[in-house]
Amino acid sequence: MLHGAVYNAFALKSKSLSINQGFYFKMARDQRDHYYRLAKQEGYRARSAYKLLQINEKFHIIKKGDSVVDLGAAPGGWLQVAAKLSGGKIVGVDLESIAPIPGVKTFVADITHESTVSLVKDALGGEADVVICDAAPNLTGAWDMDHAVSVDLARSALKIAKKLLRPRGNFVVKVFQGDLFIDYLNEIRREFSSVHAHSPLASRKESAETYVVAKKMLTGPVRKGEMLDVQIEYLGKSGDGVALVDGFAIIVRKAQKGERLRVKIDAVMPNFAFADILERKS
Ligand SMILES: C[S@@+](CC[C@H](N)C(=O)[O-])C[C@H]1O[C@@H](n2cnc3c(N)ncnc32)[C@H](O)[C@@H]1O
């Protein structure tokens, strides 16, 4: 679980905050108490429930009837929210056991272990519409190490999500910010159609945690930045050339029917991609 003092220290250092520290910590504590009290009143097991509620309000990640997998789910605040938002199949996994929640299956497992994927698949009985992960490492206080472990956990969550999600499924994951964050964000950008890094209001202002909100998992055979040789099969409605890679449409601007081209993928959508011409081969 998080230990605020470590992150207070990091955030103050890294963001060069100039405001009075005492006032700052009081604000942070008041904000924390607000969500803590609200969680008590509204029957949520953890104040973090409000983070997922706020993320969902902004990005519409979980819809009615969705199958949801929660990685690092104890004590169960996010599971309660997922159950309320979806009412579909919900599965939660954590190193700690989770007290029962109506309509939710939970089990103890490590999300860094390969074997956890089949356990979740069996419990879910199909593909997931949404995978969410609020897992946090045990902090050592050594900032670089804690950040690296957080990114490792988030990377394990991405690996599991890619195996569990249906095409166009959604993924939310917590990461503590630091040097390795941007590379991780770029990995997620390659796999999803739309990706945002977001800090919900319910996250403490001094916290270094960020949630990566990724929508519409891509399953086509190409990724942004890839270079490949293609032949234009036909012209689309817009007049641009269309090449097919394993039946997946690559729209190549300013290309003519029959041309053989070296192209670079510029943007990938769930059902097609755009590419620019690098070289005309014929
Ligand atoms: C911040 S808590 C999650 C709170 C939860 N979202 C809620 O609303 O109740 C982080 C959780 O991640 C879990 N965790 C950390 N590493 C894990 C791992 N390798 N596998 C499974 N769970 C892990 C911890 O046991 C802890 O319960």
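Q: Which elements each supply at least two residues of the shell around the ligand?
A: In this predicted model, helix H4 (77–86) and strand S2 (90–94) each do that.

Q: And which residues come nearest to the ligand?
A: Ala-46, Gly-72, Ala-74, Gly-77 and Asp-134, out of 24 residues around the ligand.

Q: What covers the buried residues of H4?
A: The cover includes helix H3 (49–59), strand S1 (68–71), S2, strand S3 (104–108) and strand S4 (128–133).

Q: What follows H4?
A: Gly-87, which has a positive phi near 75 degrees.

Q: Let's look at S2. Why does Ile-90 count as buried?
A: Because 30 other C-beta atoms lie within 10 Å of Ile-90, and the cut-off for buried is 20 or more. Ile-90 is part of strand S2.

Q: Which residues is Ile-90 in contact with, leaving aside neighbours within four places in sequence?
A: Val-68, Leu-79, Ala-82, Ala-83, Gly-103 and Val-104. Leu-79, Ala-82 and Ala-83 are also among the buried residues of H4.

Q: How far is the C-alpha of Ile-90 from that of Ala-128?
A: The separation is 9.1 Å, with the two residues 38 apart along the chain.

Q: What about S4, is it enclosed or exposed?
A: Largely enclosed by the rest of the structure, since six of its six residues are buried.

Q: Which strands does S4 pair with in the parallel sense?
A: S1 is one, over four bridges, and strand S5 (residues 165–176) is another, over five bridges. On the S5 side, Cys-133 stands opposite Val-173.

Q: What else does Val-173 touch, not counting residues up to four places away?
A: Besides Cys-133, the list has Ala-154, Ala-157, Leu-158, Tyr-211 and Val-212.

Q: Which residues touch the most other members in the largest nonpolar core?
A: Val-173 is in that group, together with Leu-71, Ala-82, Val-131 and Ala-157; the core has 69 residues. Helix H6 (residues 143–164) gives the most to this core, with eight residues. Domain 1 (4–217) and domain 2 (227–280) each put in at least three residues. As background, nonpolar side chains tend to be buried together in soluble globular proteins.

Q: Changing topic: what order do the strands of the six-stranded open sheet take?
A: S8-S12-S13-S11-S10-S9, and the pairing is mixed. The edges are strand S8 (227–231) and strand S9 (234–235), each of which pairs on one side only.

Q: In what sense do S8 and S12 pair, parallel or antiparallel?
A: Antiparallel, over five bridges, with S12 covering residues 260–268. Val-230 has Leu-261 in S12 as its bridge partner.

Q: Where is Val-242 found?
A: In strand S10 (residues 241–245).

Q: Is Val-242 buried or partly exposed?
A: Partly exposed, because it has 19 other C-beta atoms within 10 Å, whereas buried needs 20 or more. Val-242 touches Ile-232, Glu-233, Tyr-234, Leu-235, Gly-236, Ala-249 and Ile-251, not counting residues up to four places away in sequence.

Q: Last one: how many helices and strands does the protein have?
A: Seven helices and 13 strands, and buried residues make up 35% of the 282 residues.

Definitions and conventions
Residues are numbered from 1 along each chain as its sequence is written. This is a predicted model: local features need pLDDT of at least 70, side-chain atom pairs count only at pLDDT 80 or more; totals for chains, interfaces and linings use all residues. A residue is near a molecule or strand if its C-beta atom, placed from the backbone, lies within 6 Å of it. Two strands pair if DSSP finds at least two bridges between them. A nonpolar core is a set of buried Ala, Val, Leu, Ile, Met, Phe, Trp, Tyr and Cys residues joined through C-beta atoms within 7 Å. A residue is buried if 20 or more other C-beta atoms lie within 10 Å of its own, exposed if 12 or fewer, and partly exposed in between; C-beta atoms are placed from the backbone. Domain bounds come from an automatic or database domain assignment. Two residues are in contact if their C-beta atoms, placed from the backbone, lie within 7 Å.
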